[in-house]
Amino acid sequence: MSGRGHAGTPARARDVAELVGASPGTEFELSFDGRPIRALPGQSIAAALWTAGILSWRTTRVNGNPRGAFCGIGSCFDCLATVNGRPNQRACLLPARPGDTITPQKGDGHGELLR
Ligand code: FES
């Protein structure tokens with residue numbers, strides 16, 4: 001690719017919304033681990049976390065290894081998070097909502113509930 005558009009003019013990068021003719025709604029705020037992050041209507045929680053640069057939001061039961069979204073379609077369960085106090089929510093399937101509180105999940109996610 002030459003990096004040139006029609007008639008030899010320099011190509012201009014277009015974002016995804018522009019390519020598909022979408023007009024996104026108004027951004028809103030939710031939080032991850034007490035930190036505010038932004039999301040757009042229709043984004044999953046996983047997409048909002050990725051957009052904020054957060055790739056891992058839980059650790060495994062046995063070895064405490066970091067996990068985030070893997071399949072993105074609800075099959076692998078790697079993306080489990082605690083959402084508004086409810087553990088084991090699949091972040092890739094759950095639409096982000098204004099004011100949602102996402103908490104990193106450790107182990108089976110019930111540790112904080114047993115106190
Ligand atoms: S990323 Fe696989 S179930 Fe969510």
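This note goes through the predicted model point by point, from the overall fold to single residues.

1. **Overall fold.** The protein chain holds two helices and eight strands. Their order along the sequence is α-β-β-α-β-β-β-β-β-β. Helix α1 covers 16-20, and helix α2 covers residues 45-51. Strand β1 takes in residues 28-32, and strand β2 takes in residues 35-39.

2. **Dimensions.** How does the radius of gyration of the protein chain stand against that of a compact globule of 115 residues? The chain has 18 Å, whereas such a globule would be near 13 Å. Along the principal axes, the C-alpha atoms fill a box of roughly 65 × 30 × 25 Å.

3. **Burial and surface.** Of the 115 residues in the protein chain, 30% are buried. The accessible surface is about 7,700 Å². Carbon and sulfur atoms supply 54% of that surface.

4. **Charge.** The protein chain carries 13 positive and 9 negative side chains. The centres of these two sets are 4 Å apart. Side chains of opposite charge can pair when their charged atoms come close. The count here is five salt bridges. The next points take up several of the residues involved.

5. **Arg-12 and Glu-18.** These two residues form a salt bridge, and their closest N and O atoms are 2.9 Å apart. Glu-18 is partly exposed, at 35% relative accessibility.

6. **Glu-27 and Arg-38.** The side chains of this pair meet in a salt bridge at 3.4 Å, N to O. The pair links distant parts of the chain, 11 residues apart. Glu-27 sits in the loop between α1 and β1, while Arg-38 belongs to strand β2. Both ends are partly exposed: Glu-27 has a relative accessible area of 42%, and Arg-38 is at 39%. Which residues make up the salt-bridge network that includes this pair? Glu-27, Glu-29 and Arg-38 are linked in it.

7. **Asp-78 and Arg-58.** Here the side chains meet in a salt bridge at 3.3 Å, N to O. Asp-78 is in the loop between β4 (66-67) and β5 (80-83), and Arg-58 is in strand β3 (residues 58-59), so the bridge ties together parts 20 residues apart in sequence. Both partners are buried: Asp-78 has a relative accessible area of 17%, and Arg-58 has 11%.

8. **Phe-28.** This residue is in strand β1. Phe-28 is buried, at 12% relative accessibility. What does Phe-28 touch, leaving aside neighbours within four places in sequence? The contacts are Ile-37, Arg-38, Ala-39, Leu-40, Pro-41, Ala-96, Arg-97 and Pro-98. Arg-38 in this list is also the salt-bridge partner of Glu-27. Pro-41 is 13 residues from Phe-28 in sequence, and their C-alpha atoms are 7.8 Å apart.

9. **Ala-46.** Helix α2 holds this residue. Ala-46 counts as buried because its relative accessibility is 3%, under the 20% cut-off. Not counting residues up to four places away in sequence, Ala-46 touches Trp-57, Ala-69, Ala-91 and Cys-92. Ala-81 lies 35 residues from Ala-46 in sequence and 9.4 Å away in space, C-alpha to C-alpha.

10. **Asn-84.** The backbone deserves a look here. Asn-84 has a positive phi, near 50°, and is a residue other than glycine. Asn-84 lies in the loop between β5 and β6 (86-90). Its relative accessible area is 46%, so Asn-84 is partly exposed.

11. **Asn-88.** Where does this second asparagine lie? Asn-88 is in strand β6. Its phi is positive, about 60°, although Asn-88 is not a glycine. Asn-88 counts as partly exposed, at 28% relative accessibility.

Terms used
Residues are numbered from 1 along each chain as its sequence is written. This is a predicted model: local features need pLDDT of at least 70, side-chain atom pairs count only at pLDDT 80 or more; totals for chains, interfaces and linings use all residues. Side-chain values use heavy atoms; hydrogens and water are left out. Helices (H or I, at least four residues) and strands (E, at least two) are DSSP runs, numbered from the N terminus. The radius of gyration is taken over C-alpha atoms; the globule rule is 2.2 Å times the number of residues to the power 0.38. Buried means under 20% relative accessible area, exposed over 50%, partly exposed in between (1.4 Å probe, protein chains only). Accessible areas come from the Shrake-Rupley method with a 1.4 Å probe; for residues, only the protein chains shown count as cover. Lys and Arg count as positive and Asp and Glu as negative; His and the chain ends are not counted. The place of a charge is taken as NZ of Lys, CZ of Arg, CG of Asp or CD of Glu. Contact means heavy atoms within 4.5 Å. A salt bridge is a side-chain nitrogen of Lys or Arg within 4 Å of a carboxyl oxygen of Asp or Glu.
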